[in-house]
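Open the model in your viewer and keep the sequence panel beside it. The tour goes one selection at a time.

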Amino acid sequence: MSNFLYKHRFLFLRRITQVSILLLYISANVWGWNLLVGNLSSSLVLGLVPLSDPLALLQMLAAGAVIAIDIVLGALIISTFYFLVGGRVFCSWVCPVNIITDLSNYIRRTSGVNKIQKKQPATRNIRYWVLGLTLVISFLLGITAFEFISPIGMVHRGIIFGLGFGWAAMLVIFLFDLFVLKNGWCGHICPLGGFYSLVGRYSLIRVDHKEDKCTLCMKCKEVCPESQVLFMVGKSSEQILNGECTNCGRCVEVCDDDALNFSIRRFYEENKK
Amino acid sequence: MNNINPKVEMTNKKEEDMENVVNQSRREFFLNISRTAGVAALGGLVWSAYVDEATANSLILRPPGALPEEDFLKTCIKCGMCVLACPYDTLMLARPGDNRPLGTPYFIARDIPCYMCPDIPCVPVCPTNALDEILVSTNGKLDINKAKMGVAVVDSLNCIAFWGIQCDACYRACPLLGEAIFVEYSKNERTGKHAFMKPVVNYDICTGCGLCEKACVTEKASITILPRETVLGRAGDYYIKGWDKADEARLEHATSKTTTTDLSKEKAVDSLNDMGGLFDE
């Protein structure tokens, strides 16, 4: 049992983080606690520190809205945080949609869908196009384009303020990821994921690969939601520097040979073999 | 990064082959770019069309101090702070399926109206100023009576006061009683000895709080809050109240646009003196 926990340590930590953030928001709504008030678009910590979604701010700028100081400050705090720890830490440690797509992924792996659909028919660069479109449409229509269709918004707002037909969005993403495209939403389409991939390009916390310990079992690649970032596994010892890595730690925990570990980014080139 | 270069062996091949490969890959490159651009155009069109339609709903009541709808939609970040601040659970965030711009705050007056808290807790918490304190302040102090959430419109066909039955539910419910709604008396010719006591709304003062709509006794409310943009007209520059000095100020920014028709090309007198068409020729 303890081995099972150890083998899923980051997964459990991530679920605890994701759920407690949602619980804090819900507690603000239901019991009026003021630890964390609002939602993932914008919130207030302890009635003092503002936090805001930087992509929402960009859309507001593109749409030509008058921007308030609180939002700029909140977006700066969030951007700085993710710039340091890795942008897509949001995706795997905070975003509630991750729980849905991870479930799809789990079923894909265990039921053998992955074995039938080996090649994925779409490029992961779609998200950058969607990100570009988000800003273009925001500019042309004078409206925050992604915020009005975002399944992330529907899901987290739904959980905190009441779901409505939001369950349909959850179901669509679940089925899409399960049958249509592996890691379809989070790994291919989501412009927020694309945005945070760019933000976290130079982040400090990075997974480190030691090629000499690797036994080529490829468990890490199988479990990784962004497996293209692990291109060096078994080939060379280096850090995973691609911003698309979500720092979820799945590769670290499934590795039986201690070949993958979290580390601090090295800013100088070490002598590689 | 030093061992991912499988193209090194290419140098051994004939130059001709090289050229073909380059041409082929160039074509593929342009085809891929065009294809992606095509998909992006299609997606962008569907996306814009949806968002444009979804945000076109104008019959929605916003919290006090909300910016004009167009500005509100681009400024509101959908965080729900106003919803959390509202002590009466009046405000809601639009959910999927509510047929309102997704995630934005609104209220349904007939269900829970705005109770017009003097300290307006929903407005100062707004982080984006989509709910603007200035719009609900007089001399720097919050003043809920300045709120303009909508206007009450009376359905004179179904309002029972217009039938001659005595009812002043809306008048009594109004927080600006006697100002936003007042009662107009007129003789009931049908009976000859009773009076109509008709509720009339002063659109200048009405805040659109919806307490009247909530109080209305008819099965479906006969007084309804609608957005000001929907109900109120605009006199424009052509008409002013000649007896009101203040009203003339509107003309300061008047645009002078002269239309020319066949008749107005010439002076009015010339037009009168024109005999053309009066005689047989």
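Select strand β2 (residues 42-45) of chain A: four bridges join it to β3(A), and the two run antiparallel. Strands here are DSSP runs (E, at least two residues), helices are runs of H or I with at least four residues, and both are numbered from the N terminus. Now pick Ser42(A); opposite it in β3(A) stands Ser52(A).

This is a predicted model, in which local features need pLDDT of at least 70 and side-chain atom pairs count only at pLDDT 80 or more, while totals for chains, interfaces and linings use all residues. Residues are numbered from 1 along each chain as its sequence is written, and chains are lettered from A and ligands numbered from 1 in the order in which they are written.

Strands pair if DSSP finds at least two bridges between them.

Next, select helix α9 (residues 151-161) and helix α10 (residues 166-180), both of chain A. Their axes come within 9 Å and cross at roughly 125 degrees. That makes α9(A) oblique to α10(A). (Under 35 degrees counts as roughly parallel, over 145 as roughly antiparallel, 65 to 115 as roughly perpendicular, the rest as oblique. Axes are lines fitted to C-alpha atoms, for helices over the stretch in contact, with angles from 0 to 180 degrees between N-to-C directions.)

Show the contact residues: Pro151(A), Met154(A), Val155(A) and Gly158(A) from α9(A), and Gly166(A), Ala169(A), Met170(A) and Ile173(A) from α10(A). Contact means C-beta atoms, placed from the backbone, within 7 Å. By class, the contact of α9(A) with α10(A) has six nonpolar, two polar and no charged residues. (Ala, Val, Leu, Ile, Met, Phe, Trp, Tyr, Cys and Pro count as nonpolar; Asp, Glu, Lys and Arg as charged; the others, Gly among them, as polar.)

Last stop: chain B. Colour domain 1 (59-148) and domain 2 (150-230) separately. The bounds come from an automatic or database domain assignment. The domain centres, taken over C-alpha atoms, are separated by 25 Å. Their contact takes twelve residues from domain 1 of chain B and 17 residues from domain 2 of chain B.

Notes: Contact = placed C-beta atoms within 7 Å.
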